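Student: I have a structure open and want to learn how to read its side-chain contacts. Can we go through them one kind at a time?

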Amino acid sequence: MVDAPATAVLVHSPYLGPASLRPLAGALAELGHPVVLLDLRVNVNAAPVHQRLIGVFADAVEDSLVEGALAEGDVVLVGHSGAGPLLPAFADALETPVRGLVFLDADLPTPGRSWRDDAPAERMAHLKAISRDGLMPRWDLWFAPEALSAMVPDVRVLEEIESEAPEVPLAFLKEPRPTVAWTGPCSYVQLSPAYAKAAAAARELGWPVVELDSHHLGAVTAPDEVAAALVPLISRR
């Protein structure tokens, strides 16, 4: 009997929306790999963000199963960017068996520690300075406009990504991350130099690590390349 391939559940960053992974979902589907792209933007604009995201995630996966978008069987969670630290908690929230976790240019879990605990003080000060009424501006407004247009030159696609970006509470950066343990397989795909440290930490943990010469939104602009890198990691047991 041949095992059914695990479904890749793509989890976007809390600071972005599904448009940041939609081209990658299409590329995986073109390769014949089952894939589900979630939309977790509901309720990320109010604290406690971690708990809200975990609840929304579990509901979204269950809805996908009921609607037939998610085939019965194992899943592999692929978390991009800020979704990385939540992957163990997401896996723990599911009744569906989780075969593995893949961190896509993502932060690693830091159970019990907040983003602020490990971030440079000047970075936290900057985000606090640009926040209004306890909400950080949309992710795309953290940078100069030319920085994002250089990554995503297609104006229509970039506008879709920007329009989906929510305003996330500054308190999210201070919330301790979930302490859920994960002992199953993990792997890492590095897209940008900014995540070289996380990729190195993953390698030290003995995880398979794939490095691509891309950028943080490479899943949008080079989806075929990213999908080709993901398939072996999603398929491993």
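Tutor: Start with E211 and R203. Their side chains meet in a salt bridge, 2.7 Å from N to O. Keep in mind that this is a predicted model.

Student: What is the general idea behind such a pair?

Tutor: Side chains of opposite charge can pair when their charged atoms come close. The cut-off here is 4 Å between a side-chain nitrogen of Lys or Arg and a carboxyl oxygen of Asp or Glu.

Student: Is R203 buried or exposed, or partly exposed?

Tutor: R203 has 42% relative accessibility, so it counts as partly exposed. Buried would need under 20%, and exposed over 50%.

Student: How many salt bridges does the count come to?

Tutor: Seven. One of them joins R22 and E160, at 2.9 Å from N to O. This pair links distant parts of the chain.

Student: How accessible are R22 and E160?

Tutor: R22 is at 36% relative accessibility, so it is partly exposed. E160 has a relative accessible area of 29% and is partly exposed. There is a network here too: salt bridges link R22, E160 and E164.

Student: Which residue forms a salt bridge with R99?

Tutor: D74 does. The closest N and O atoms are 3.5 Å apart. R99 lies in strand β4, and D74 in the loop between α2 (49-67) and β3 (75-80), so the pair ties together parts 25 residues apart in sequence. Now check the accessibility of each partner. R99 is buried, with a relative accessible area of 12%. D74 is partly exposed, at 22%.

Student: Now the rings. How many aromatic pairs are there?

Tutor: The count comes to six aromatic pairs. Read two values for each pair: the distance between ring centres and the angle between planes. Planes under 30 degrees apart count as stacked, and over 60 as edge-to-face. Take Y15 and W142. Their ring centres are 5.1 Å apart and their planes are at 65 degrees, so this pair is edge-to-face.

Student: Where do Y15 and W142 lie?

Tutor: Both are in loops. Y15 is in the loop between β1 (7-11) and α1 (22-30), and W142 in the loop between α5 (121-130) and α6 (145-151). The pair therefore ties together parts that are 127 residues apart in sequence. Y15 is buried at 11% relative accessibility, and W142 is buried at 13%. Y15 and W142 also belong to one aromatic cluster with W139, F143 and F172.

Student: Is the pair of F103 and W207 stacked or edge-to-face?

Tutor: The centres are 5.2 Å apart and the planes are at 25 degrees, so the pair is stacked. F103 is in strand β4 (residues 98-104), and W207 is in the loop between α8 (196-204) and β6 (209-211). They are 104 residues apart, and the pair links distant parts of the chain. Both F103 and W207 are buried.

Student: What about the nonpolar residues?

Tutor: In soluble globular proteins, nonpolar side chains tend to be buried together. Here the largest nonpolar core has 55 residues. Among those with the most contacts inside it are L40, F57, L77 and F103.

Student: Which element gives the most to this core?

Tutor: That is α2, with seven residues. A second, separate core has 22 residues, including L24, L104, V226 and L233.

Methods: Residues are numbered from 1 along each chain as its sequence is written. This is a predicted model: local features need pLDDT of at least 70, side-chain atom pairs count only at pLDDT 80 or more; totals for chains, interfaces and linings use all residues. Side-chain values use heavy atoms; hydrogens and water are left out. Rings of Phe, Tyr and Trp (its six-membered ring) pair if their centres lie within 6.5 Å; planes under 30 degrees apart count as stacked, over 60 as edge-to-face and the rest as tilted. Helices (H or I, at least four residues) and strands (E, at least two) are DSSP runs, numbered from the N terminus. Buried means under 20% relative accessible area, exposed over 50%, partly exposed in between (1.4 Å probe, protein chains only). A nonpolar core is a set of buried Ala, Val, Leu, Ile, Met, Phe, Trp, Tyr and Cys residues joined through side-chain atoms within 4.5 Å.
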